[in-house]
Amino acid sequence: DVFVAIRGQNKDGHDFIDEALKNGAVAIVYEKKHYKPFSHDNIVWIGVDESRDALAWLSSKFYGCPSKNLHLIGITGTNGKTTTSYLIREILKKNGKKTGLIGTIKYFIDEDEITAPHTTPESLQFQKLLWEMLQKGVEYVISEVSSHALSLKRVDYSEFEVAVFTNLSREHLDFHKDMEDYFLAKKKLFADLLRSDGLAIINIDDEYGRRLAKEIKQRKFFYSLEDPKADIYVKNYKLMFTATEITVVIDGQEHILKIPLLGIPNIYNTLSALSVGLLFKIPLDVIKLALLDVKAPQGRFENIDEGQKFYVFVDYAHTPDALERLLKSVLKLKEESGHKGRIITLFGCGGNRDRGKRPQMGKIASELSDYVILTSDNPRWEEPRKIIREIEEGITKDNFIVVTDRKEALKISVSMCEKGDILIVAGKGHEDYQEIEGNRIFFSDREILRDLLRNLKK
C-alpha cells in the first residue's frame, strides 16, 4: 500500500513512517519541507509540497474520478446544510432519481444508511463513497461541505455541478483565524471546485452571500425572503406550530407551498432545495409533493411530542446566529398564532472551541427568552462551570439559572413548564453523546426528554 504522511492538528503522520514500513508499505508520500527520506530497499519515496493535496489527487485517481459521472451537489454555509440536503434528497427521490447523501447525521447510498463520523469525510473516504454510489446506480449525490473539509482539501479534485451557499455567521473561529479566513474557505467550493458550466445557488439576504455573488464567475441563481429581484423570492409566509406555508414567486408567478417544517430558517432551507429542483427541471408539482412528505432531520427544530400540554423542541443551534434565528422563529410563531406561553431555553457551549461566541449566545438567549437554563454541552477538556461563567458574561437580565449537569437541567426544565409553554433545548440536536475529558459518554437530549415527558403522564 501507499502511506501518505499527513500533518494534523495534534499528530504528524511523518512520525509514523517507520511503523508504516514495518507494516508493509511499498511507497511513502511525504512533505519535502518536513521530512528527509532514507535508503530503504524496494521503497518508492514521493516528495510533495502538501500531502493533503496529494492524498486528494491520489484518492480521486484511484477511484476513477467518480464525480465526473455524477450530478454532485455541494451545500456549504454555517447553518441549514443538513436540512437542505434532506429536502433536496426528498425532491430528487420523488422525481424517481437514485440519490446519495453525505452529511452530518448519516451517509446514504440510495436507501442504505451509514453512520457519519464527520460532516465531510477525509478525501480517501469521500472518493470511495462517491465510487460506491456510482457502482450502485446512484445518479445524484448531495454533500454537505464544511469549512474544515474545504480548508483540509477533503473534497479537492471533485467536480461539483451545483454549489449552494446558505449563510455565514460566527463559527469555527477556533480553527479559522478570523471571519475572512472562514469566508475564503467557503468561497473555495464556488471559485475552485464548481465546474465552469456549474451553477451557484446563493442566499442574497446574507451579506456574505452578496459578496460571494460579486466575486465568482460561474452562473448564479439567487433566492431571498426580502428581495423581489431574486430569481425566486417569498412574497409572504405563515408560520404555524405544525407546518409552514409560503407564497413563493417564480418567473413572476405565485405558488403556494406547504412544508411540515417550522420556523424562518426552514423557509430559507426550502428555497435552497427548491432552487436545486428547478435547476434540474423537476416539475413544480413533484417538488410540492416532495416538500409535503419531508420529515425534519433529527434534532433540527424537532418537535418532541409525548402528549404533554406544552411544546418541546430540540435543535442543533450552537452558534449565536443559529440560536438567534431559532428563538426569533419561536417568537414569530407565538405572535402569528396568538400563543401566550413562556419561552424557556436550555443550552450550553462546547469546550475547546471558539470562546468568543459564549457571551454572545448568553445575551441572545436571555433577551429572546422568558427564562434560560445554562448547562453543559460537550465540555471536552474544559471545566464545565468555567464555560458557563463565560456565557453568563453576556447576560444582563435576571432571568436564568445554572444547572451544570445536563440531565438534571433537562429534568428541571420539563418540571418548570406549564400548559402552553415552549421549551427549547438547543446545542446538541441529533448528537447521542457528551464529550467529557476525552471520553464520549452516551447522552441523547431527545431520548431523555421523551422519557421525562412519558413519565409526566404517570
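A cavity here is a set of points, on a 1 Å grid over the protein atoms alone, where a 1.4 Å probe fits but cannot get out. Volume is the space filled by probe spheres set on the points, which are joined across faces, edges and corners. The model is predicted, so I note that local features need pLDDT of at least 70 and side-chain atom pairs 80 or more, while totals for chains, interfaces and linings use all residues. Residues are numbered from 1 along each chain, and side-chain values use heavy atoms, without hydrogens and water.

The largest cavity holds about 30 Å³. I listed its lining (residues with an atom within 4 Å of a point): C349, T375, S376, D377, P379, P384, I387 and I388.

Next I looked up the second largest pocket, with a volume of about 340 Å³. A pocket is an open set with protein on both sides within 12 Å along at least five of seven lines. Of its 13 lining residues, V2, V4, L55, S59 and L124 are closest to the centre. Helix α2 (51-62) gives the most to this lining, four residues. Helices (H or I, at least four residues) are DSSP runs, numbered from the N terminus.

Last, I checked α8 (264-279) and α9 (284-293), which pack at about 145° with axes 10 Å apart. Axes are lines fitted to C-alpha atoms over the stretch in contact, and angles run from 0 to 180 degrees between N-to-C directions. T270, L274, G277 and L278 of α8 meet L284, I287 and L291 of α9; contact means heavy atoms within 4.5 Å.

Notes: Helices (H or I, at least four residues) and strands (E, at least two) are DSSP runs, numbered from the N terminus.
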